[in-house]
Amino acid sequence: MNHRKSPLPAPGAVALALAALLAGCASTPAPGTRSVTIERTTFGIAHITAPDYEGIAYGVGYAHAQDNVCQTAEHLLTVRGERSQFLGADGMGELGLGRAKNAQIDLFVRAHMDDAALARAAADLKPDVRDSLRGYVAGYNRYLQDAGPNGLPEACRGKPWVRPMTQADLARTTEMSMIQGGIGALAAAVLAAEPPAAGTKTSAAAVDLPQAVAEIARHSFNANPEGGEFGSNGWAFGRNATPDGRGLVLGNPHFPWTGTNRFWELHLTIPGKLDVMGATGGLSPVVSIGFNKDVAWTHTVSTGKRFTLYELKLDPADPTVYLVDGQRRKMSARTIVLPAAAAPGGAPAQKTFYSTEWGPVISMPRAGLDWTATKAYAIRDVNTLNTRSAQSWMQMALARNVAELRTAMGNQGMPWINTIAADRDGNAMYADLSVVPDVSAELLKSCAPSPAAAALLGAAGLPVLDGSRSACAWNRDGAAAQPGTIPPARMPVVVTSDWVQNSNDSFWLSNPRIAAPAGISPLVGFTGTAQRLRTRSGIMEIEGRLAGSDGLPGNKMGGNELRSVIFRDKNLAGMLVMDDLAAACGANAAALAPDQALGCRVLTGWDRTSNSASKGAPLFREFWRKAKDVPKVWRVPFDPARPVVTPAGLDMATPATRDAVFKALGDAVGIVRVAGFAADVPLAEVQARTVRGQKIAIPGGDEFEGVLNKVESQGQSYIDPKGYNVNYGSSYIQTVGFDERGPVAQGLLTYGQSSDPASPRSYDQLPLFSAKKWHPLPFHRADIEAQREGAPLRLAY
């Protein structure tokens, strides 16, 4: 947390900016002497051409604003800590992975952001990166100027909170993105931290471990295997696995369908230097998932930890004093006061934040991590002040093969993601080169906190270290780009001519036939543990295709096969349990209650997919949502020697399990009926979106069902009278192979380029997604001209 009270740039930041400006004056052409061209092709994909990185970014900022200006303007309110001032203290907004009241968001943002520190962290960025960031800000502001306050979409037309962007604003948006996997995800815990009142008991109440795990999962970025976290599927095939011997990549990120984590399609060209296409998210001037003429890549959220908690030993006489190596350290206290106009009735909202050398103090009582008279917890986030991501992606865009792609990530700019890639020479790569605290298995053991807190690592993936000893600080390896992080040489990378995959589990099974890298810190990922159903489903599909068990000829994975596989919508949970359920339904038919018998009839006839036409798919979702949590529900338990095929089956031979499973089935029938639907309602009827008067079915399934094409209704506990409000999941999807000319790419963006509901580019690609069709992505000049819509736009800068 910072200790400045003003969101304005500090004098040091101003000096840095002025120095950079003066240094560039001698070589930078006069304003208005260069131009950027923006072309739009089918579905509004933006193709931006300019002579340098500043111009490219200028065009990105302008074109992205054409599609998403209100979304951007509101996000700038968030990173400025001004939501409550303009949108009301009790209004709701996005914070981390969840939603919070505007006043809470503003308090957290104002406490966390430090403009001077962000400017210092960015001082070492390369000139091209600084030019790009400057260009993006100028391009966005140019759009505001050209549109005028009354030319904006309805959501922000004439609003006083729509103001030009500053370089500090853009730095803050990057910081918000970087901390999504750490302190941003636990922002509610930071806001909840308060010193115990005098006279309160010295120890926390006993906490049930499953309750603690559930509470942590509710806040965690990627720790919840039942959904609610960012996710993705990334597959790459090398020369041994493809018909033409060239590389092939699938990118299928699962991200929110609203907010600044939405993707946006773009193609960037600096003649003779840069030619890259794909998608970006947030407020970014670079392609984050995409391809050039030689290499293609995608990202998945990795299992690496972005923070550690530190258990603090407090002075019993003062709960704001902690001990390190026996020495008393006073916590720093900073009170944030919101403007009076931001609070109800004009009363200022305020909060005092406490911080330590290990980071800000948090409180999660339901997880046993509360602040008592003798103990407290602080969070140290490794991605705080990580300004390096744009530089990584800019270098990746220039890579000619996976080796150069790997080198481009050596500055450790990847905040919380794996990279899966392949090149035209037929090399495939899985790499987790994300930013992870340098904490070894030995340090985890020697610096274990109290037993209850230590148990959270294995149970919930939450690392807690002893904060009473300086020896428990993160290791500082000189090979790391950032002190305290694991250097690239000690992170897991697999390069192969066969194939690799990741669906948000650890590096362990990137290819089950290839030995996992050894000596990796547990904070990067666990091995020998049960895998997500999506991971298992992906490996099954890949191995099935390459082994020919799906009946298709060739035993290779080509582009057509790859596009078909990801949209089969097989429901792995259904495939694993339905034989046992159907058998038990028959054997126990006379003893079943009416709703249980109805559920048996419907699910016995279900096709075990989450295709739109599938009758019974909604019923199975509601059944498995409950049944999966039945103790010892699996007939075959997890076996680390057989991680792809276990656990499996339903234990219907044990009476208690059988009764609980049948109860879940009957309850599911009731839930679907109360929502107003028949038990055998097809998925298309309840999982759809109306776009410009047309109801469009949405195929796919929830995380816990093991459907590769993941779609979810975040914030919705189960089906309701409106069905499922899908707002999360498959978003930008691409398959990329190579021929003699370069990339052969197809893709789609489920929700379209625009976040403005009135725009024709809002959800205009959803019918493609519904029909499981793909759009050829126009990379080559002839393809761009064939798909071009409207006249090019040229802007001087």
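**Exercise 1. Find the mean pLDDT of the chain and the share of its residues that reach 70 or more.**

Step 1. pLDDT is the predictor's confidence in each residue, from 0 to 100. The chain has a mean pLDDT of 93, and 92% of its residues reach 70 or more.

Step 2. Residues 2-26 have a pLDDT below 50, and this stretch has 27 contacts in the model beyond near neighbours in sequence. A contact means heavy atoms within 4.5 Å.

Step 3. Residues 223-228 also stay under 50, with 15 contacts beyond four places in sequence.

Step 4. Note the conventions. This is a predicted model, in which local features need pLDDT of at least 70 and side-chain atom pairs count only at pLDDT 80 or more, while totals for chains, interfaces and linings use all residues. Residues are numbered from 1 along each chain as its sequence is written, and side-chain values use heavy atoms, with hydrogens and water left out.

**Exercise 2. State how many disulfides a search of the whole structure finds, and give their pattern.**

Step 1. A disulfide is a covalent bond between the sulfur atoms of two cysteines. The criterion here is a pair of cysteine sulfur atoms within 2.5 Å.

Step 2. The search of the whole structure finds 3 disulfides.

Step 3. With bonded cysteines counted along the chain, the pattern is 1-2, 3-4, 5-6.

**Exercise 3. Describe the disulfide of Cys70 and Cys156.**

Step 1. The S to S distance is 2.0 Å. The angle about the S-S bond is -70°, and the link is left-handed.

Step 2. Locate both ends. Cys70 is in helix H2 (residues 53-80), and Cys156 is in the loop between helix H6 (127-147) and helix H7 (167-178). The pair links distant parts of the chain, 86 residues apart. Helices (H or I, at least four residues) and strands (E, at least two) are DSSP runs, numbered from the N terminus.

Step 3. Are the two cysteines buried or exposed? Buried means under 20% relative accessible area, exposed over 50%, and partly exposed in between (1.4 Å probe, protein chains only). Cys70 counts as buried because its relative accessibility is 10%. Cys156 is at 0%, so Cys156 counts as buried too.

**Exercise 4. Find which residues of H13 are buried, and how they are arranged.**

Step 1. The buried residues of H13 are Ala453, Leu456, Leu457 and Ala460.

Step 2. Seen down the axis of H13, these residues fall within an arc of 120°, so they line one face of the helix. The arc is that of the directions from the helix axis to the C-beta atoms.

Step 3. The face turned away from the buried side of H13 carries the exposed residues Pro451, Ala452 and Gly458.

Step 4. After H13 comes Gly461, with a positive phi near 70°.
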